[in-house]
Amino acid sequence: MSQNFRLPTGGRVNRGKKISFTFDGRRMSGLEGDTLASALLANGEHLAGRSFKYHRPRGILSAGPEEPNALVGVGADEGHYSPNLRATQVELFEGLVAESQNRSPSLRYDWAGVNNLIWRFIPAGFYYKTFMWPRGAWTKFFEPRIRAMAGLGRAPRAPDATTYAQRYAHCDVLVVGAGPAGLAAALAAVQGGQRVILCDEQNELGGSLLSETDATIDGAPAARWLSETIAQLRAAGSLQILARTTAFGYFPHNMLGLVERLTDHLPGVAGQPRERLWQVRAKQVVLAAGEIERPLVFPDNDRPGIMLAGAARIYASRYGVKPGQRAVIVTAHDSAYRAALALYQAGVGIAAIADVRANPQGGWVDLARKAGLPVRAGCTITGTSGRLRVSGADLAPLAADGTVGASERVSCDLLLMSGGFTPSVHLFSQSRGKLVYDDALGAFVPGTPAEDCWVAGACRGVSLLSEVLADGFAKGASAARAAGGALVPARGFATTHAPATGGGFAGALPHGKNPASVRAFVDFQNDSTAKDIKLAISEGLRSIEHIKRYTTTGMATDQGKISNMNALGIATDVLARPIAQIGTTTFRMPYTPTTFGVFAGYARGDLFDTVRRTPVHHWAEAQGAVFEDVSLWKRARYFPLAGEDMHQAVARECRAVRAAAGIFDASTLGKIEVAGPDAAEFLNRMYVNAWSKLKPGRLRYGLLLREDGFILDDGVIGRMSDECFHVTTTTGGAARVLTMMEDYRQTEFPELKVWLTSTTEQWAVIALQGPKAREILAPFVEGADISHAAMPHMSVVECRVAGVPARLFRVSFTGELGFEINVPADYGRAVWEAIFAAGQPAGLVAYGTETMHVLRAEKGYIIVGQETDGTVTPDDAGLSWAIGKAKPDFVGKRALARAGMGEGVQRKQLVGLLTDDPQVVLEEGAQLVADPAQPPPMTMLGHVTSSYWSATLNRSMALALVKNGRARIGETLHVPMPGRVIRVTITGPVFYDAEGIKLDG
Amino acid sequence: MLLITCPFCGPRPELEFGYAGEAHVVRAQDPRDVSDSQWTEYLYQRSNVRGVHAERWRHAHGCAQFFNALRDTTTDHFVATYRIGESRPDAAVEAGR
Amino acid sequence: MAETMARLHPLAAVKTVADPHLVAQGPMGRFSLRLSPTAAPPPLGALGLSLPLAPCRAAQSETAAALWLGPGEWLLLTAPERAPAVEAALRAELAGQAFSLVEISHRQTGFSLSGPRAAQRLNAGCPLDLDLASFPVGMCTRTVFAKAEIVLWRTGAEQFHIEVWRSFVPYLWELLVIVGAETS
């Protein structure tokens, strides 16, 4: 097709640059500067989509972000596919591939259009009523069909192939909207010496000035004033202009979310992000978001070819497109006359201007009359004809009492409507600013702001161009002043411009027909009609919030940009209460639909989250280790040899540690240096244990509770000197423990001279465990005697290991003779490799967290978070021996003295479990009962906390928390599992070397 | 994202802070002196104010300090922020908003 | 046995790209120094400087730098070979008052980020206002960069020093490289 509806001259499109694109597979062309909508119209295409519920053919209604009908899927392949884009906002580029939505098999023949025939049976709320019976039919019958038919567009079938960027920015004044008000505001703010960001959702700055063909500003045609003003702003170094940037959200404390479209319109640019999320913190905000034209609500007001009058004028004057050959205009507002004149001048035949007002007059009305356009005052519209395109309008006289006379069909291929304008208060409302109803304007306007924000121009109901400019400048000056800038005197702008400000209508036009037999659409996107709103009210709903939810009016992706006021107008008629009393619904972010990708930003793939790796990680990886996630860390879980599964690898690793030695990367353990004269006293108050008498060079197992008495964390703590402790925490608890200790240090015990420093990443920690650990380690140690006599279990020494300064712990989490070698992290890998190599002749193996878990469970050592769940006290875990009984206080001590926490209560206690069948490994989390035959609900006595195959014992074993467990040792309990019951015997929690002989090698 | 005025570092973005619960919940000097019910109150009872709420924040990814703040829970506006150990700014300050 | 073990840089396993504006630094001597916020700290001869007392400001000498990170908390930077001597000297100078001095040389890694777009690159993940008026040369602070905590120190109008814990090094690096490739 060849742009048959392109006007020979005019508009801001670049006539020298033809752009080809496809729509539903058909090749078409447009011009640079077109939107997809204007290019479709240039090719005579109004039919752009099918509606959401009734699958009615729909055309392009608007020329902006409020578009409810022309939603398209855009993208040449699935990796670049975006559904539900408004054709009115899609910038045309070479090779653009677009498709219509909500139709099958094609836009012109859509089988689901049957909904349009059965519409009487699917009114508002039909899904609340219809799908209740029979019960099973929902999942089997209704849901699959509704899912196939419902929804807007379709999700892309491949991962997003584009990337997204994010940026934080700050400014003194953020101006949202670069129409006349926003431009003037930016001028003033720059003049005030402020850092300014000016953003606008369109490809060009200018807003309404982009389609302004008549007015002059300060003596210059609007277009020239616009280009000169933009040049002047660009020359100001303190202003950043963001075009193609939608302010979608207004967040607390003057932070706004913007989305900048970077490359969608530049198909040749590769490797650059598609969009950027801007999070802008502004000292002051000027909202200059403009206004949105309201449609009129009349029967069959949704056929393709029915358009907002202002949109038709924009297509003619900005894009040089003739939206039809013969137009009928229905209006309640003067501005439609302006549109009629513009179209008339573009060669569109004007069949009638039907004005529902009895006596319209004013500048544009007079001009239209003077031009000989057929004005019908006191005239309404009672219906339309046409299937895929409007073909006629039924016009009828409207008497002052509201009665509708006989209608006359006027043929047309374009039907324009205007109910007046609604200020774009969305962002203001998002910011929790109060909206107030302006009776004269017939719309809600911004009232008291909740943020440091100013509202300028049409979005607060100012409509005369000279006033809009002056208002914008004044608000920009006020914002600059409030942000700390210079005083900028007010200024006026001389404009020549015929005002088009009179009139307006909200509600449904009278049509004189049986209301049950017509559909007059209020919300085009969600297919809700005037009748639906009346139905909701007749069914007892009164609050506008309830009416909105019942009918879904205003709940589509356009958030009621065009439907809100008409819905209120209908409600106010039926409820016979003024709109001001009914109030309006709250607008939510985003202002227009926003991609998920831009929110994810850089957080995808490898950068989805921080992945923490130890200095030994890549060695383990090269050895074929299998890793597991422990908080943000990657930890080697086991080191399988060729052909081994996890079970075999873990069994081999366990046997090697018990028989010879194993090496284990414990670098992820949290470490905190507690230093200062009051270090011991601080630990006394934090941990349950007594620390004052611990000698430098000695270690102690520390247990940390929450203030409610339950176990929070544990770890071995070494006293390095009188005033310095090396505290270790669990891997996952490191940050939590440091935060809690800092809290007490700063807020409860500020008198203590003690400081906490995280050293988790300062040290790589190499655990060397097993009977041969000492002989493997000894040759590496300088400056310390590590013999048993000189360095017994639970001691620490500073020395050199492999030539590197080290803190050497004699400690065991396996039950074997063991050391934990702390070396500065950069050396961790080299020291590890040296020890690993040296230990080979002795049978040293690397082991992972799984073997660590098994070995400690054989010894009955708890793991916080596995044996504990936030309700386990030290006594429950069999750890009351750790408590420093003589201490007056420690975190959690008072809570342990509360009723229910101690003696005489049947609390769950840590015990061991052995299954009757030694081959059966219980499931962790499995419940324990005394009588497996008891009918449900069964009395549950406890649960399995840890369960493993023990290569050492050559049988299964488990730890469990069991009510009154220590008194039940020797009893048999049962574990009911699907299809079977497992018998277990309660034992003590230590399965291996209960006497602790092995700790000494 | 809130903008929170750290008493040490000045206004900073919320991302740098951690919330730390209600402020001025006093731990007994010697917990042995308080009854079970008083201790239970200390552990679990919080005021859940609608309006100006005294609460603790920590400039965790900044100067690492805990501090107190008065925030209106209905608007998210901060009335004041002040250091640990300082008493709650008086009602006149609150009324000044 | 001499200190012959090889040091492994946290970026060792990361594929690096040549970027004249982003440089990962080698070893450095680092300490966390803590004093009572109410005590007046002495000039530290070991560092050749007086500790900065103004919030979020750094002081520099020929051989060392001290960054105010919090009340009574400083990050001290010095050459790695000087670290043991500096530690000993500081302990001697501070004797008699309560303090905590913890070596953290290996805990974190330094980066230098420079160029006309340095601040913009940081603002891809750092929510601070990095305008020179708001974040002048000599200002330093802990803050965040996307999901990592960093210490940020402006050493020049177009020059930043970044410190980050070692396990976050690859994340920070990779993200800064991606942002560096953006042309707008």
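UniProt positions are given here in the numbering of this model, with feature names shortened, and annotations may be inferred rather than shown by experiment.

**Ground rules.** I am working on a predicted model, in which local features need pLDDT of at least 70, side-chain atom pairs count only at pLDDT 80 or more, and totals for chains, interfaces and linings use all residues. Residues are numbered from 1 along each chain as its sequence is written, chains are lettered from A in the order in which they are written, and side-chain values use heavy atoms, leaving out hydrogens and water.

**Chain A, annotation.** I looked up residues 519–601 of chain A, which an unreviewed UniProt entry lists as "domain: SoxA A3". I found this stretch to be 46% helix and 6% strand, with its end C-alpha atoms 43 Å apart. Helices (H or I, at least four residues) and strands (E, at least two) are DSSP runs, numbered from the N terminus.

**Chain A, domains.** Bounds come from an automatic or database domain assignment. I noted domain 3 (295–419) and domain 5 (669–759) among the domains of chain A. Their centres, taken over C-alpha atoms, are 79 Å apart.

**Chain A with chain C.** I counted contacts (heavy atoms within 4.5 Å): 52 residues of chain A meet 48 residues of chain C. The buried area is about 4300 Å², with 56% from carbon and sulfur atoms; this is the accessible area (1.4 Å probe) that two parts lose on being put together, summed over both. On the chain A side, A:Leu607, A:Trp755 and A:Asp826 lose the most area to chain C, together 18% of what that side buries.

Strand 8 (164–176) and helix 19 (734–748) are among the elements giving two or more residues to the chain A side. Strand 8 of chain A gives the most, 5 residues.

**Chain C with chain B.** Here 15 residues of chain C touch 12 residues of chain B. The two chains bury about 960 Å², 61% of it on carbon and sulfur atoms. C:Pro71, C:Pro127 and C:Arg142 lose the most area on the chain C side, together 40% of what that side buries. Strand 4 (64–70) and strand 8 (140–145) of chain C each supply at least two residues of the side touching chain B, and strand 8 of chain C gives the most, with 4 residues.
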